[in-house]
Protein chains: 2
Amino acid sequence: MQALAKDPAARGLKDDAAVLPLGDDTLVITLDTLVQGVHVREDEDPADIAWKLIAVNLSDLAAKGAAPTGVLISHMLGEADDRFLGGLRAALETFEVPLLGGDTVRAEGRRVWGCTAIGRATHTPVPDRRGARPGDAIYVTGTLGRAMLGLHDRGSGSADDLAYRRPRPLLAEGRALAPLVTAMMDVSDGLLLDASRMAHASDTRFEIDSARVPAADRARADECMRWGDDYQLLFTVPDGVEIPVEAARIGTVREGPAGLWLDGRSAGEDKDLGYRH
Amino acid sequence: MQALAKDPAARGLKDDAAVLPLGDDTLVITLDTLVQGVHVREDEDPADIAWKLIAVNLSDLAAKGAAPTGVLISHMLGEADDRFLGGLRAALETFEVPLLGGDTVRAEGRRVWGCTAIGRATHTPVPDRRGARPGDAIYVTGTLGRAMLGLHDRGSGSADDLAYRRPRPLLAEGRALAPLVTAMMDVSDGLLLDASRMAHASDTRFEIDSARVPAADRARADECMRWGDDYQLLFTVPDGVEIPVEAARIGTVREGPAGLWLDGRSAGEDKDLGYRH
């Protein structure tokens, strides 16, 4: 990652959607990969893997305020392909997005799935993680840590279980927020790590008050802020702007040096902040 | 593949680019995956893998007559990432296509790379493999089997070596042909297998005369027609149409039943015809 990040040819290589003006439209394009044993558990139900593959890519579109026009998937064939298809069909129907194409791959060993989602921006400039300004309010949607709790409650059908197995991309929320935000991204790798990334990308200091962060389990609030897979939206708006979606104000953007501060102290380096892959 | 092919949710899942009308434009979008040990050798130079990743996706655009606007890649980090980047940079510069984004993935075991290429159609309707009609002439560009010969000549810098390690997508040729062809695809899995697929997709019989197929090694002509990785263009045009690129006429499209005939006999089922993955 370090070598890649330094290289000019790889500057575009970050975990974010690409924005491509085209005629009167602006396209938003994602490419995300799920690796067995890294992003999904070894024993994950293929139906849930298919759902997640679609959901995480649409979540990238949501953070850009984009409306999905279609997806392509790359599926490594293996066990229970029928279950994979069932989950794929359910996700496509639920999110009302067509499968445009893709390919299938045959290989032994660890399985990998790829997905590209294409959407049209509903507002330009398209939000990214670089625009937060000193004085802005920091918000996050939903409750963090549900997916973490769901991991230990799998198959129960509880809200936590579904948060882990069947995440919902916040497409409507992203579209409603796009015209208002100064910066926005989805929280895929944990609130603290993603907030730190946004702070660095915006060259500002993010001051977050942990007591304000909606945690699924108060007793494990710190874990809830470090765990990934919640797919909530983290965003900043100028102070005083009214927010059209349910979200909690968790802090304020300040002048740099860039970094994340938690409860009045530096939260440390990215490597200490959450789940990385 | 069979289960996938039968399912409505997976109808879009074929090894082909997706076509997406958008405003005044028509987008062409590919998603191709390379798997270590399947599509690239275990000991392949990462620089060549990066090149091939870009080239095979652009070859899908070429077969659609599309002009590339950018690529996204998914790179599984591992050994010699600097060499991967070198090959990536070389391919992007050579084909004059920008890297729009993508992600990096960290995982043990077999490595996998994904790429999405986005292009704009230069001619509509966009060519596909379904349009061949009885009476059409069948053509293929270039010489088949070069990549096969290059596999045993690796690193020599010979034309065959470069055909294997550094394939060139026929973008200019694809654009020149798009307004003229009734069907077109790139030959990635071997001429016979891909011709059979086009015959079935067009519900016609493809009659190919093996003596007319330009083979890199006459003594191994049969192997040359079954080996993949050449990335030439296979296309059909109405009889008598003048071809603006160098290509060999190798046969004629006839009324069905659908299938491939070689030298006056049925060439058999797809499973016998070439290299599949």
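Student: How many disulfides does a search of the whole structure find?

Tutor: This is a predicted model, and the search over all chains finds 0 disulfides. To count, two cysteine sulfur atoms would have to be within 2.5 Å.

Student: Take one cysteine, then. Why is Cys224(A) called buried?

Tutor: Buried means under 20% relative accessible area. Cys224(A) has 1%, so it is buried. Cys224(B) also comes out as buried, at 1% relative accessibility.

Student: On to the rings. How many aromatic pairs are there over all chains?

Tutor: The count comes to 6 aromatic pairs. One of them is Trp51(A) with Phe95(A).

Student: What makes that pair of Trp51(A) and Phe95(A) edge-to-face?

Tutor: Look at two values: the centres are 5.0 Å apart and the planes are at 65 degrees.

Student: Why are Phe84(A) and Trp113(A) called stacked?

Tutor: Their planes are at 15 degrees and their centres 6.4 Å apart. Phe84(A) is buried at 0%, and Trp113(A) at 1%.

Student: How do you know that the charged end of Arg205(A) sits over the ring of Trp261(A)?

Tutor: The charged end is 4.1 Å from the ring centre, and the cut-off is within 6 Å, along with a limit of within 35 degrees of the ring normal. In chain B, Arg205(B) sits over the ring of Trp261(B), also with 4.1 Å to the centre.

Student: Which residues does UniProt list for "binding site"?

Tutor: The unreviewed UniProt entry lists Asp32(A) and Asp103(A). Asp32(A) lies in strand β2, and Asp103(A) in strand β4 of chain A.

Student: Are Asp32(A) and Asp103(A) buried or exposed?

Tutor: Buried means under 20%. Asp32(A) has 15%, so it counts as buried, and Asp103(A), with 3%, does as well. Leaving aside neighbours within four places in sequence, the contacts of Asp32(A) include Trp113(A) and, from chain B, Asp103(B).

Student: Why is helix α7 of chain B said to be largely enclosed by the rest of the structure?

Tutor: Because 9 of its 11 residues are buried. Among them are Leu191(B), Asp194(B) and Arg197(B).

Student: What comes just after α7(B)?

Tutor: Asp203(B), which takes a positive phi of about 55 degrees. Asp203(B) lies in the loop between α7 and β8 of chain B.

Student: Is Asp203(B) buried or exposed?

Tutor: Exposed means over 50%, and Asp203(B) has 56%, so Asp203(B) is exposed. In chain A, Glu96(A) has a positive phi near 55 degrees and is exposed at 69%.

Conventions:
Residues are numbered from 1 along each chain as its sequence is written. Chains are lettered from A and ligands numbered from 1 in the order in which they are written. This is a predicted model: local features need pLDDT of at least 70, side-chain atom pairs count only at pLDDT 80 or more; totals for chains, interfaces and linings use all residues. Side-chain values use heavy atoms; hydrogens and water are left out. Buried means under 20% relative accessible area, exposed over 50%, partly exposed in between (1.4 Å probe, protein chains only). Rings of Phe, Tyr and Trp (its six-membered ring) pair if their centres lie within 6.5 Å; planes under 30 degrees apart count as stacked, over 60 as edge-to-face and the rest as tilted. UniProt positions are given in the numbering used here, feature names are shortened, and annotations may be inferred rather than shown by experiment. Helices (H or I, at least four residues) and strands (E, at least two) are DSSP runs, numbered from the N terminus. Contact means heavy atoms within 4.5 Å.
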